[in-house]
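Please view the structure alongside the text.

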Amino acid sequence: MNVANESWLDALNNGLMSIIGTINGLLWGQVLIYLLVGVGIYFTLRLGFIQIRQFRHAIYVLKSGKNIENGLSSYQVFCTSMAARVGTGNMAGVAVALAAGGPGAIFWMWLIALFGMSTAFVESTLAQVYKVKDVDGQYRGGPAYYMEKGLGQRWMGSLFSVFLIIAFGLVFNAVQANTITDALNHSFGFDETIMGVIIVAASAFFIMGGLRKIAQASARIVPVMAISYLAIAMVVVVMNISELPAALALIVKSAFGWQEAAAGGVAYTIAQAMQSGIARGLFSNEAGMGSAANVAASATPNPNHPASQGFVQMLGVFADTIVICTASAAMIMLSGVMDQPDAASGIGLLQQALTNELGSWTAYFMAAAIILFCFTSIIANYSYAETNIMFLNGNTRKGLFAFRLLVLAMVMFGSITSLPVVWSLADASMGMMALINIVALLLLSKLAFKVIKDYEVQIKAGKTPVFDRSKFPELDELDGAWHPKEPKTVKANS
């Protein structure tokens with residue numbers, strides 16, 4: 001009887017894996033890569049390479065938005081989005097891209113980040129335009145909100161919310177917890193169940209405090225973990241500074257197949273590098289997926305204009321992929337571990353590189369990095385899901401406590417269990433939410449371009465940008481945070 005049950009369950013699991021694998025292969029192997037790259041290029045051209053022209057201004061906006069009296073600052077929101085973006089994908093993901101596509105994958109990762117910066121700009125600007133206040137006075141917004149208020153399609157926003165809640169709120173948080181406990185168990189023999197209880201308790205402390213506590217925690221933790229990681233990478237680079245020019249040259253040569261031209265198979269080499277680099281880059285920085293836009297809407301922007309948050313979030317893509325992912329790639333490439341016959345795979349390759357260069361003590365550093373990267377992702381991912389739970393419930397707190405308990409249960413589940421079919425389902429959910437978001441971005445892009453142009457015109461005139469909704473007649477019927485719709489005046493009987 002047990003054998004029969006196991007056979008039936010195995011068959012069901014294999015069948016689900018086959019179906020979900022086909023969906024993921026179609027979404028991530030073809031459709032989304034072309035769409036996200038295409039949208040990024042289109043937005044970049046329409047905005048006149050704003051990510052390059054206004055890069056210094058973006059830094060100024062981020063710095064000037066550190067301290068506010070009420071609400072969440074742009075800096076806090078930036079750190080929260082970075083907490084979700086920066087995870088094991090910045091370490092293991094880079095190693096996978098290098099192994100599958102060679103050094104050239106890094107070049108394509110850089111390129112997709114450059115284009116993705118403009119996509120992040122547009123979605124974050126729209127999230128600000130269509131944000132609302134919830135029952136607690138906290139700003140809420142994101143793709144679900146601009147689908148409902150901008151396109152008049154609540155069903156579309158609801159579908160997006162469901163996919164995001166499944167992917168980010170539940171499964172990805174289980175994945176992050178699993179990564180922590182698995183790493184600590186293999187490195188130090190820590191019991192996974194005990195570690196799971198500790199992770200749940202720590203997660204509950206921040207999750208139960210809501211978006212404000214999560215943002216405050218992110219603003220403290222993210223800079224520390226990012227600076228520490230980059231400092232270690234810089235030490236490795238300095239130790240191998242003479243090899244740096246050759247490594248950079250290899251990245252460019254491999255990206256276009258020049259390194260392999262003599263051996264033939266150039267087209268295949270380029271395709272492998274492109275696919276690996278683009279896929280891992282998109283997966284890491286999340287530009288166009290609509291995830292970071294949820295927290296971008298929660299900022300109280302400084303200056304008082306929706307486009308200011310677009311500047312801040314495009315820096316998030318830059319920091320995630322061009323800075324942190326490059327740091328991981330540099331440590332792996334300069335250490336020479338990829339050429340060794342006993343080279344590890346995934347995050348083990350990065351650990352091997354650090355051990356070779358700096359010694360065995362780096363195992364403790366990597367354990368700390370994994371804990372911080374994954375834990376901050378758990379609480380930031382929850383914040384994305386919370387906004388979409390509130391969207392489904394009419395911006396009320398109905399069912400929020402029960403959802404928080406469900407998230408914590410998934411964190412515990414992930415700490416002690418690994419089910420590949422569940423992880424694959426999360427990839428499919430994220431792919432579907434990205435697909436829906438891209439459609440909405442294209443349909444609302446005309447308004448986004450107009451809002452961004454309004455900001456730039458005021459900057460060029462030497463003014464501090466202020467959002468004047470009267471310039472945008474398409475928002476006349478909008479009842480939102482920027483200008484609540486006035487109730488109609490009813491004349492009294494004479």
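Arg 154 counts as partly exposed at 32% relative accessibility, where partly exposed lies between buried (under 20% relative accessible area) and exposed (over 50%), using a 1.4 Å probe and protein chains only. Its side chain meets that of Glu 148 in a salt bridge, with N and O 3.1 Å apart. A salt bridge here is a side-chain nitrogen of Lys or Arg within 4 Å of a carboxyl oxygen of Asp or Glu. Glu 148 is also partly exposed, at 24%.

The model is predicted, with local features needing pLDDT of at least 70 and side-chain atom pairs pLDDT 80 or more, while totals for chains, interfaces and linings use all residues. Residues are numbered from 1 along each chain as its sequence is written, and side-chain values use heavy atoms, without hydrogens and water.

The structure holds seven salt bridges.

| Glu 148 | Arg 154 | 3.1 Å |

Helices are DSSP runs of H or I with at least four residues, numbered from the N terminus. Glu 456 is buried at 10% relative accessibility, whereas Arg 53 is partly exposed at 42%.

Asp 454 is in helix 18 and Lys 471 in the segment after helix 18, so their bridge ties together parts 17 residues apart in sequence. Asp 454 is buried at 10%, and Lys 471 is partly exposed at 39%. Elsewhere, salt bridges join Asp 134, Arg 140, Glu 386 and Arg 404 in a network.

Next comes a helix pair. Helix 4 (residues 74–85) and helix 14 (residues 307–335) have axes that come within 10 Å and cross at roughly 35°. The axes are lines fitted to C-alpha atoms over the stretch in contact, with angles from 0 to 180 degrees between N-to-C directions.

How many disulfides does a search of the whole structure find? It finds zero, a disulfide being a pair of cysteine sulfur atoms within 2.5 Å. The sulfur of Cys 79 is too far for a bond, because the closest cysteine sulfur, in Cys 325, is 17 Å away. For Cys 374 the nearest cysteine sulfur is that of Cys 325, at 14 Å. Cys 79 is buried at 2% relative accessible area, and Cys 374 is buried at 0% relative accessibility.

Definitions and conventions. Helices (H or I, at least four residues) and strands (E, at least two) are DSSP runs, numbered from the N terminus.
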